[in-house]
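Notebook open, structure on screen. I want to pick one residue, see what surrounds it, and then zoom out to the whole chain.

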Amino acid sequence: MHALAVVLFAAGVAVVVVSAVAVLAFREALDRLHLLTPTTTLGAPLVGLGLALDGGWTLPDAAILFSCLVLALTGPVIAAATTRTIVQRRGSVQPESPQ
């Protein structure tokens, strides 16, 4: 179980590091938002699952898993809302438009 926890943790850290390095290559806010999404939907949950597997399923591990679940579910929503705000401020979409 420890080996699986280490693999999951390492994979999550790799996703976060690759996303962070890739963000440095882009100047545009929308491009950077696209690179943030793998961190919230894949990187953090993998790290959390690896920590929980290694911890032995205690109450702190449940808190880690809950936090990662909330992040994985709300991260894309926050990215979409931020993208919408950026596009509205640029004038590409009308503020009153529901789309």
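This is a predicted model: local features need pLDDT of at least 70, side-chain atom pairs count only at pLDDT 80 or more; totals for chains, interfaces and linings use all residues.

I started with Thr39 and skipped its neighbours within four places in sequence; what is left in contact with Thr39 is Val15, Val16, Ser19, Ala44 and Pro45.

Next I looked up where Thr39 sits: helix α2, which covers residues 29-55.

Is Thr39 buried or exposed? I found a relative accessible area of 18%. Buried means under 20%, so Thr39 counts as buried.

Then I wondered how much of the chain is like that. Buried residues come to 24% of the 99 residues.

Zooming out, I checked the helices and strands. I got 3 helices and 0 strands, and reading along the sequence gives me α-α-α.

What about the overall dimensions? I noted that the C-alpha trace spans about 50 × 30 × 15 Å along its principal axes. The radius of gyration is 17 Å, while a compact globule of 99 residues would have one near 13 Å.

Back to contacts, this time for the whole chain. Taking those with a separation of 6 or more, I see that 59% join residues 24 or more positions apart.

Last entry: charges. I have 5 positive and 5 negative side chains down for the chain, and the centres of the two sets are 14 Å apart.

Terms used: Residues are numbered from 1 along each chain as its sequence is written. Side-chain values use heavy atoms; hydrogens and water are left out. Helices (H or I, at least four residues) and strands (E, at least two) are DSSP runs, numbered from the N terminus. The radius of gyration is taken over C-alpha atoms; the globule rule is 2.2 Å times the number of residues to the power 0.38. Buried means under 20% relative accessible area, exposed over 50%, partly exposed in between (1.4 Å probe, protein chains only). Contact means heavy atoms within 4.5 Å. Lys and Arg count as positive and Asp and Glu as negative; His and the chain ends are not counted. The place of a charge is taken as NZ of Lys, CZ of Arg, CG of Asp or CD of Glu.
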